[in-house]
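These are my notebook entries on one protein chain. I set down what I looked up, entry by entry.

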Amino acid sequence: MIDTKKYEGHTEGPWKIYYDKWEKTGWWIDSITRGGVGEYGDTVCRLLGITQNKDPTAKLIQDAPLLLAEVKRLREGINYIAYLPSLKPSIAKMMKELIK
């Protein structure tokens, strides 16, 4: 199981990938500033020597905040499902009270 606590404090997403059109040496992945459309925030990483936006490593890094959020969402669902059997006696008791 992945320990998601080690990611606490990471640069919040969403992240955006864009080509370094000045130096033409690779791609930047930045956080997106909430202040306005098209603005960039902190640099998350720089990928040198990659010439296409289709690079799977760049896409994976760009989607890291989404993947982490999905892991957390799925883990909550699994924990909820695992908790359901322990609720059966309580639910049955409440149903009996309602029927009375």
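**Entry 1: a residue in a helix.** I began with leucine 68, which lies in helix α2. The model I am reading is a predicted one. Is leucine 68 buried or exposed? I found a relative accessibility of 13% for leucine 68, and because buried means under 20%, this residue counts as buried. I then looked up its contacts, leaving out residues up to four places away in sequence, and noted that leucine 68 touches Thr4, Tyr7 and His10. I also checked leucine 68 against isoleucine 2: the two are 66 residues apart along the chain, and their C-alpha atoms are separated by 9.9 Å.

**Entry 2: the largest pocket.** Next I asked which residues line the largest pocket. I listed Ile2, Thr4, Tyr7, His10, Trp15, Ala64, Pro65, Leu67, Leu68 and Val71. Helix α2, residues 64-99, gives the largest share of this lining, with five residues. By class, I recorded eight nonpolar and two polar residues in the lining, and no charged ones. For the space in this pocket I wrote down about 170 Å³.

**Entry 3: the largest nonpolar core.** I turned to the largest nonpolar core and found seven residues in it: Trp15, Ile17, Trp27, Ile29, Cys45, Leu47 and Ala58. The elements that give two or more residues to this core are β1 (15-19), β2 (26-32) and β3 (40-48). I followed up one core member, leucine 47. Apart from its neighbours within four places in sequence, leucine 47 is in contact with Thr25, Gly26, Trp27, Ile29, Ala58 and Ile61.

**Entry 4: salt bridges.** How many salt bridges does the structure hold? I found one. It joins glutamate 70 to arginine 73, and the closest N and O atoms are 2.7 Å apart. I noted that glutamate 70 and arginine 73 are separated by about one helical turn, because they are three residues apart in helix α2. Glutamate 70 has a relative accessibility of 32%, so this residue counts as partly exposed.

**Entry 5: the whole chain.** Last, I looked up the overall arrangement. The secondary structure comes to two helices and three strands, and along the sequence I read the pattern β-β-β-α-α. Of the 100 residues of the chain, 18% count as buried. Among contacts between residues at least 6 apart in sequence, I noted that 33% join residues at least 24 apart.

Terms used: Residues numbered from 1 in each chain as written. Predicted model: local features only at pLDDT ≥ 70, side-chain atom pairs only at ≥ 80, totals over all residues. Heavy atoms only, no water. 1 Å grid on protein atoms, 1.4 Å probe; cavity = no way out; pocket = protein on both sides within 12 Å on 5 of 7 lines; lining within 4 Å. Points joined across faces, edges and corners; volume = space filled by probe spheres on them. Helix = DSSP H or I, 4+ residues; strand = E, 2+ residues; numbered from the N terminus. Nonpolar A, V, L, I, M, F, W, Y, C, P; charged D, E, K, R; others polar. Buried < 20%, exposed > 50% of the residue type's maximum accessible area, 1.4 Å probe, protein only. Contact = heavy atoms within 4.5 Å. Core = buried A, V, L, I, M, F, W, Y, C linked by side-chain atoms within 4.5 Å. Salt bridge = Lys/Arg side-chain N within 4 Å of Asp/Glu carboxyl O.
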